[in-house]
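Hello,

Here is the structure I promised to pass on to you. Please open it first, and then read my notes below alongside it.

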Amino acid sequence: MTPTSMPSLPRPTNSRIARALVLWGRVEHGLSALQPLAALLARLYVAQVFFLSGLTKLRNWDITLALFADEYHVPLLSPAVAAMLGTVGELVLPVLLVLGVAGRFAALGLSVVNAVAVVSLAEIAPAALQQHITWGVLLAALALYGCGPWSLARWVLPSRI
């Protein structure tokens with residue numbers, strides 16, 4: 001059999017590879033276009049969780065103080081100081097995060113609140129721990145990548161962000 005009479009096998013061609021690369025480029029472009037929405041949704045989700053927790057603490061301060069005295073054992077702080085700092089953090093930092101003003105600061109601050117909440121409990125249910133891990137991952141992403149272009153800081157100080 002001569003080389004010209006051999007049956008031809010289908011081979012990937014440069015045009016197939018080129019089409020696949022163009023298709024992948026479109027997928028990447030679409031994913032990149034979703035980044036601002038994803039950052040906003042992450043900010044809204046995490047902020048809601050912490051803000052509602054802060055409101056709960058504020059609604060019944062006597063119970064909050066009792067919880068910090070009996071259940072939450074925050075290292076290095078008295079129960080009253082820990083309750084006050086935790087509540088203020090849960091009320092102020094989420095607002096900053098949603099607005100995208102000092103967003104990385106807010107994400108780092110909420111990360112501290114989140115970590116302290118986990119280490120302060122003697123026992124934590126696996127489902128609750130998983131929630132704290134999820135919040136921690138979202139907060140870490142926001143701290144590392146920022147709040148995205150849909151933030152007040154980007155509109156007010158576009159050259160600094």
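**How helix 1 packs against its partners**

Helix 1 and helix 3 pack with their axes 8 Å apart, at an angle of about 155°. Here axes are lines fitted to C-alpha atoms, for helices over the stretch in contact, and angles run from 0 to 180 degrees between N-to-C directions. Helices (H or I, at least four residues) are DSSP runs, numbered from the N terminus. Helix 1 and helix 3 are therefore roughly antiparallel to each other; the cut-offs are under 35 degrees for roughly parallel, over 145 for roughly antiparallel, 65 to 115 for roughly perpendicular, and oblique for the rest.

Before going on, please keep in mind that this is a predicted model, in which local features need pLDDT of at least 70 and side-chain atom pairs count only at pLDDT 80 or more, while totals for chains, interfaces and linings use all residues. Residues are numbered from 1 along each chain as its sequence is written, and side-chain values use heavy atoms, with hydrogens and water left out.

The crossing of helix 1 and helix 3 is left-handed (the near helix is turned anticlockwise from the far one by less than a right angle; clockwise would be right-handed). On the helix 1 side, the residues that meet helix 3 are Arg43, Leu44, Val46, Ala47, Phe50, Phe51, Ser53, Gly54, Leu55, Lys57 and Leu58. Their partners in helix 3 are Thr87, Glu90, Leu91, Pro94, Val95, Leu97, Val98 and Leu99. By class, this contact of helix 1 with helix 3 has 13 nonpolar, 3 polar and 3 charged residues. Ala, Val, Leu, Ile, Met, Phe, Trp, Tyr, Cys and Pro count as nonpolar, Asp, Glu, Lys and Arg as charged, and the others, Gly among them, as polar.

**Two residues of helix 3**

Glu90 is found in helix 3 and is buried, with a relative accessible area of 7%. Buried means under 20% relative accessible area, exposed over 50%, and partly exposed in between (1.4 Å probe, protein chains only). Leaving aside neighbours within four places in sequence, Glu90 is in contact with Phe50, Phe51, Ser53, Gly54, Lys57 and Val113, where contact means heavy atoms within 4.5 Å.

Leu91 also lies in helix 3 (residues 79-99), and Leu91 is buried at 17% relative accessible area. Not counting residues up to four places away in sequence, Leu91 touches Phe51, Gly54, Leu55 and Leu58.

The axes of helix 1 (residues 14-59) and helix 5 (residues 126-145) come within 10 Å and cross at roughly 130°. Helix 1 and helix 5 are therefore oblique to each other, and their crossing is left-handed. Ala39, Ala42, Arg43, Tyr45, Val46, Val49 and Phe50 of helix 1 make the contact with Trp135, Leu138, Leu139 and Leu142 of helix 5. By class, there are 10 nonpolar, no polar and 1 charged residues in the contact of helix 1 with helix 5.

The structure holds 2 aromatic pairs. Rings of Phe, Tyr and Trp (its six-membered ring) pair if their centres lie within 6.5 Å, and planes under 30 degrees apart count as stacked, over 60 as edge-to-face and the rest as tilted. The rings of Phe50 and Trp135 have centres 5.7 Å apart and planes at 65°, so this pair is edge-to-face. Phe50 lies in helix 1 and Trp135 in helix 5, so the pair ties together parts that are 85 residues apart in sequence. Both Phe50 and Trp135 are buried. Phe68 and Tyr72 form an edge-to-face aromatic pair, 4.9 Å centre to centre with 80° between the planes. Phe68 is buried at 8% relative accessible area, whereas Tyr72 counts as partly exposed at 25%.

**Helix 2**

Helix 1 and helix 2 (residues 61-70) pack at an angle of about 105°, with axes 5 Å apart. That makes helix 1 roughly perpendicular to helix 2. Thr56, Lys57, Leu58 and Arg59 of helix 1 and Trp61, Thr64 and Phe68 of helix 2 make the contact.

Thr64 lies in helix 2 and is buried, with 4% relative accessible area. Leu67, also found in helix 2, is partly exposed at 32%.

Best wishes
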